[in-house]
Amino acid sequence: MYLVGLTGGIGSGKSTVSAALAERGATLIDADAITRELQAPGQPVLAAMVERFGPGILQSDGTLDRAAVAGIVFTDPDALADLNAIVHPAVGAEIAARLQTAAEDPDGIVILDVPLLVESGRDDMAVLVVVDTDPDVAVHRLVAFRGFTESDARSRIARQASREERLAKADYVIHNDGSIEELAPQIDALWDWIEQGRRAARAGRGA
């Protein structure tokens, strides 16, 4: 398989890019989506979270109240460490399993969409794509479309790798300060670039 890492800060529009690549035929492994699956009712991860943080993190229907969890962990480093110790190993194991399945197609393009990919130090991707956004634009999106307060949005951004750190690791950069219409041709160009890389990798294996 041709493994493409995809990352970007919160509010960057990374999920829009990954969804568009999946529409073009890539296999998408989305860390955020996997996390939501593992935190569903009946899953061991959710049970462990309730044991650690109490039933107050559940909504009346038994699903996870993400805002309640955020309110606990983002002001308490020890609580955040405990949350990560519960969630990250399970997510990592599921990602590994899905990568193993995807590897059965040696010519497939796989998009590994992980918000903290740069922070993780992972280096097994063929290339790393960064969706780059001005932090002020990201804050506006988080406030306007996701219900964040400005202070919460800026706090979340500050806890991630800096814009400069991500760009320093990037093999390809998508600039997403504008509209969906402005983003679309960049995604087309990215897809062409990925396919060129896959063809080159395939030729190298055959050499």
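Which backbone oxygen does the side chain of T35 reach at 2.8 Å? It is the backbone oxygen of A31, and the pair is a polar contact, a term that stands for N or O atoms within 3.5 Å, where within protein one atom must be able to donate a hydrogen and the other to accept it, and where residues adjacent in sequence count only if both atoms are side-chain atoms.

This is a predicted model, in which local features need pLDDT of at least 70 and side-chain atom pairs count only at pLDDT 80 or more, while totals for chains, interfaces and linings use all residues. Residues are numbered from 1 along each chain as its sequence is written, and side-chain values use heavy atoms, with hydrogens and water left out.

## The protein as a whole

The protein has 10 helices and 5 strands, where helices (H or I, at least four residues) and strands (E, at least two) are DSSP runs numbered from the N terminus. Because its radius of gyration is 18 Å, close to the 17 Å that the globule rule gives for 207 residues, the protein is as compact as a globular protein of that length; the radius is taken over C-alpha atoms, and the rule is 2.2 Å times the number of residues to the power 0.38. Along the principal axes, the C-alpha atoms fill a box of roughly 55 × 40 × 30 Å.

Of the 207 residues, 39% are buried, a word that means under 20% relative accessible area, with exposed meaning over 50% and partly exposed lying in between (1.4 Å probe, protein chains only). The accessible surface of the protein comes to about 10700 Å², and 53% of that surface belongs to carbon and sulfur atoms; such areas come from the Shrake-Rupley method with a 1.4 Å probe, and for residues only the protein chains shown count as cover.

Among contacts (heavy atoms within 4.5 Å) between residues at least 6 apart in sequence, 72% join residues at least 24 apart. The protein carries 19 positive and 32 negative charges, whose mean positions are 2 Å apart. Here Lys and Arg count as positive and Asp and Glu as negative, while His and the chain ends are not counted, and the place of a charge is NZ of Lys, CZ of Arg, CG of Asp or CD of Glu.

## Buried residues

T35 is found in helix α2, which covers residues 31-38, and it counts as buried because its relative accessibility is 17%. When neighbours within four places in sequence are left aside, T35 is in contact with V87 and V91.

L46 lies in helix α3, residues 44-53, and a relative accessibility of 5% is why L46 counts as buried. Leaving aside neighbours within four places in sequence, L46 is in contact with L38, Q39, A40, P41, L58, G62 and L64.

R156 belongs to helix α8, residues 150-158, and R156 counts as buried at 17% relative accessibility.

V129 is part of strand β4, residues 127-132, and is buried with a relative accessible area of 1%. Not counting residues up to four places away in sequence, V129 touches V4, G5, L6, T7, Y172, I174, L190 and W193.

## Exposed residues

T75 is placed in the loop between α4 (66-73) and α5 (77-102), and T75 is exposed, with a relative accessible area of 66%. The side chain of T75 reaches the backbone oxygen of G71 at 3.4 Å, and the backbone oxygen of I72 lies 3.4 Å from a polar atom of that side chain.

H140 lies in helix α7, residues 135-146, and H140 counts as exposed at 52% relative accessibility.

## Separations along the chain and in space

The table sets separation in sequence beside the distance between C-alpha atoms.

| Pair | Apart in sequence | C-alpha to C-alpha |
|---|---|---|
| L46 and I57 | 11 residues | 9.7 Å |
| V129 and R166 | 37 residues | 9.4 Å |
| T75 and R205 | 130 residues | 49 Å |
| H140 and A153 | 13 residues | 8.7 Å |
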